[in-house]
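Subject: Handing over the structure

Hello,

Here is the structure I promised to pass on to you. Please open it beside this message, and then read on for what turned up in it.

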Amino acid sequence: MSAAVELASDSSVDLRAEFSAAGIDEFLAALDRDLVGLKPVKSRIREIASLLLIERVRQRLGFTTETPTLHMSFTGNPGTGKTTVAMRMAGILKALGFIRQGQLISVTRDDLVGQYIGHTAPKTKEILKKAMGGVLFIDEAYYLYRPDNERDYGQEAIEILLQVMENQREDLVVILAGYADRMEKFFTMNPGFRSRIAHHIDFPDYEDSELLSISETMLARQNYRFSPAARQAMRDYIARRRAQPYFSNARSIRNALDRARLRQAGRLIAHEGPVRAEMLMEIEPGDILSSRVFQGTPDSAP
Amino acid sequence: MRVTQGCFSFLPDLTDAQISRQVQYCLDNGWAVSLEYTDDPHPRNTYWEMWGHPMFDIRDAKAIMGELAECRRMHDNCYIRLCAFDSTHTWESLRLSFIVQRPAREPGFMLARQEADGRNIRYETRAYVMEKPEGARYE
């Protein structure tokens with residue numbers, strides 16, 4: 001240790017250069033650019049990235065370090081970007097060399113838990129093998145644990161997961177995701193998970209203005225756009241939709257836009273005379289205003 | 001007598017670190033790695049017992065090395081080989097195969113001569129261990 005300190009005291013490190021050399025700058029910039037809002041999430045990720053970078057530099061200078069625990073839990077309402085961020089996270093961890101391959105394996109209870117005795121362990125291990133060297137993303141992790149059924153096979157999957165999370169920390173990173181309140185309950189029931197997870201990140205709901213800009217980005221990606229009146233209609237739609245049940249942030253917006261495109265197509269087919277290219281691109285207020293949201297009943301699909 | 005089959009068999013046995021790097025090379029090429037074991041060392045014995053299915057969709061060698069450790073634990077006195085299968089169209093066959101474990105003592109093969117018609121001789125190689133039943137050959 002003393003040798004390491006001596007070495008460290010006369011060697012200096014340009015952290016900024018390290019940061020850009022690892023490509024972290026690009027990842028974070030892309031995160032800022034591609035994801036609307038999510039301020040607290042972005043700043044947490046920036047912090048984690050800095051921590052990991054420092055960790056790596058310290059390793060190189062010979063300070064004794066343990067493999068940091070990187071398991072995370074993402075909590076937040078549906079459609080707040082948990083999966084998208086997890087995907088980015090895998091990229092960041094790969095760039096910093098904390099995981100070797102950088103793939104993201106996204107699973108739910110069905111992929112881990114078997115249907116009969118002796119089915120769960122091989123199934124879970126199969127998934128873990130696929131996730132080795134990458135990130136295992138468990139969506140709605142609380143379904144793994146069913147307190148009402150003590151013979152539920154979920155417990156077996158949990159035990160295997162906990163063991164791997166502890167013993168093979170350098171081989172894979174586990175990210176648990178789900179609604180905040182149910183995750184909280186899940187962690188209370190399974191204290192083993194809470195203690196093995198280093199980073200808890202909470203995903204806030206989007207503001208109305210953020211959802212509007214998300215909807216514009218989504219449309220732009222498919223070469224559509226709002227007419228000015230339609231933009232206003234969308235703004236009203238978001239405000240009304242939020243008040244209704246089963247609102248799931250960006251996912252609701254995506255579904256609404258899919259339905260708006262459907263109505264636009266119907267309108268254009270019914271249109272007499274030639275159709276101009278702009279008409280194919282433009283969503284009109286009618287396409288949005290005929291949504292059931294404006295008639296006071298909720299949309300069919302959540 | 002040292003059995004030589006597959007790649008690297010004229011080299012000293014690979015260490016685990018070396019095996020791991022070979023496996024990673026296979027995975028990076030998109031080949032599915034599988035493990036097979038046997039205690040019948042005859043060169044014409046091409047169909048070895050499979051240790052589970054070929055492992056498709058694996059990205060990291062660590063997963064394969066875990067399976068290999070398990071296979072070694074269960075079959076500590078067998079030959080184990082590691083095969084890499086390339087599923088791309090027109091290949092659809094093994095691209096690489098090498099022995100990753102061999103029994104501590106390999107007694108080798110005996111040469112049997114058989115007098116046939118017209119003073120012809122037929123040769124046959126027979127592994128000494130094959131006199132014993134399966135599972136008791138390398139104890």
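**Helix packing in chain A**

In chain A, the buried residues of helix H3 pack against helix H2 (15-21), helix H4 (39-60) and helix H5 (82-95). A word on terms: helices (H or I, at least four residues) and strands (E, at least two) are DSSP runs, numbered from the N terminus. A residue is buried if 20 or more other C-beta atoms lie within 10 Å of its own, exposed if 12 or fewer, and partly exposed in between, with C-beta atoms placed from the backbone. Two residues are in contact if their C-beta atoms, placed from the backbone, lie within 7 Å.

Please keep in mind that this is a predicted model, in which local features need pLDDT of at least 70 and side-chain atom pairs count only at pLDDT 80 or more, while totals for chains, interfaces and linings use all residues. Residues are numbered from 1 along each chain as its sequence is written, and chains are lettered from A and ligands numbered from 1 in the order in which they are written.

Back to helix H3, residues 24-34 of chain A: its buried residues are Ile24(A), Phe27(A) and Leu31(A). They cover an arc of only 65° around the axis, which puts them on the same side of H3(A); the arc is that of the directions from the helix axis to the C-beta atoms. Glu26(A), Ala29(A), Ala30(A) and Arg33(A) are exposed on the other side of H3(A).

Helix H13 of chain A covers residues 249-270. At 1.5 Å a residue, its 22 residues should span 32 Å, and its end C-alpha atoms are 32 Å apart, which agrees. The expected span is 1.5 Å times one less than the number of residues.

The buried residues of H13(A) are Asn249(A), Ala250(A), Ser252(A), Ile253(A), Ala256(A), Leu257(A), Ala260(A) and Gln264(A). Seen down the axis of H13(A), these fall within an arc of 140°, so they line one face of the helix. They pack against helix H11 (208-221), helix H12 (228-243), strand S7 (282-283) and helix H15 (285-289) of chain A. On the other side of H13(A), the exposed residues are Asp258(A), Leu262(A), Ala265(A), Gly266(A) and Ile269(A).

Strand S4 of chain A, residues 173-178, is largely enclosed by the rest of the structure, because six of its six residues are buried. Val173(A), Ile175(A) and Ala177(A) point one way from S4(A), while Val174(A), Leu176(A) and Gly178(A) point the other way.

Two strands pair if DSSP finds at least two bridges between them. Strand S1 (residues 72-76) of chain A runs parallel to S4(A), joined by four bridges. Strand S3 (residues 135-139) of chain A also pairs with S4(A) in the parallel sense, over five bridges. From S3(A) the chain crosses through helix H8 (residues 154-167) of chain A to S4(A), in a right-handed β-α-β crossover. A crossover is right-handed if, with the strands pointing away from the viewer, the path from the first strand over the helix to the second runs clockwise.

**Two loop residues**

Asn223(A) has phi near 60°, a positive value in a residue other than glycine. Asn223(A) sits in the loop between H11 and strand S6 (225-226) of chain A, and is exposed, with 8 other C-beta atoms within 10 Å. Tyr246(A) also has a positive phi near 60°. Tyr246(A) lies in the loop between H12 and H13 of chain A and counts as exposed, with 12 C-beta neighbours inside 10 Å.

**The two chains**

- Chain A has 15 helices and seven strands, and 32% of its 302 residues count as buried.
- Chain B has two helices and six strands, in the order α-β-β-α-β-β-β-β from the N terminus. Of its 139 residues, 25% count as buried.
- The contact between them takes nine residues from chain A and seven residues from chain B.

In chain B, have a look at Gln22(B), in helix H1 (residues 16-28). Gln22(B) is buried, with 20 other C-beta atoms within 10 Å. Gln22(B) and Leu96(B) are 74 residues apart in sequence and 9.6 Å apart in space, C-alpha to C-alpha.

Enjoy exploring!
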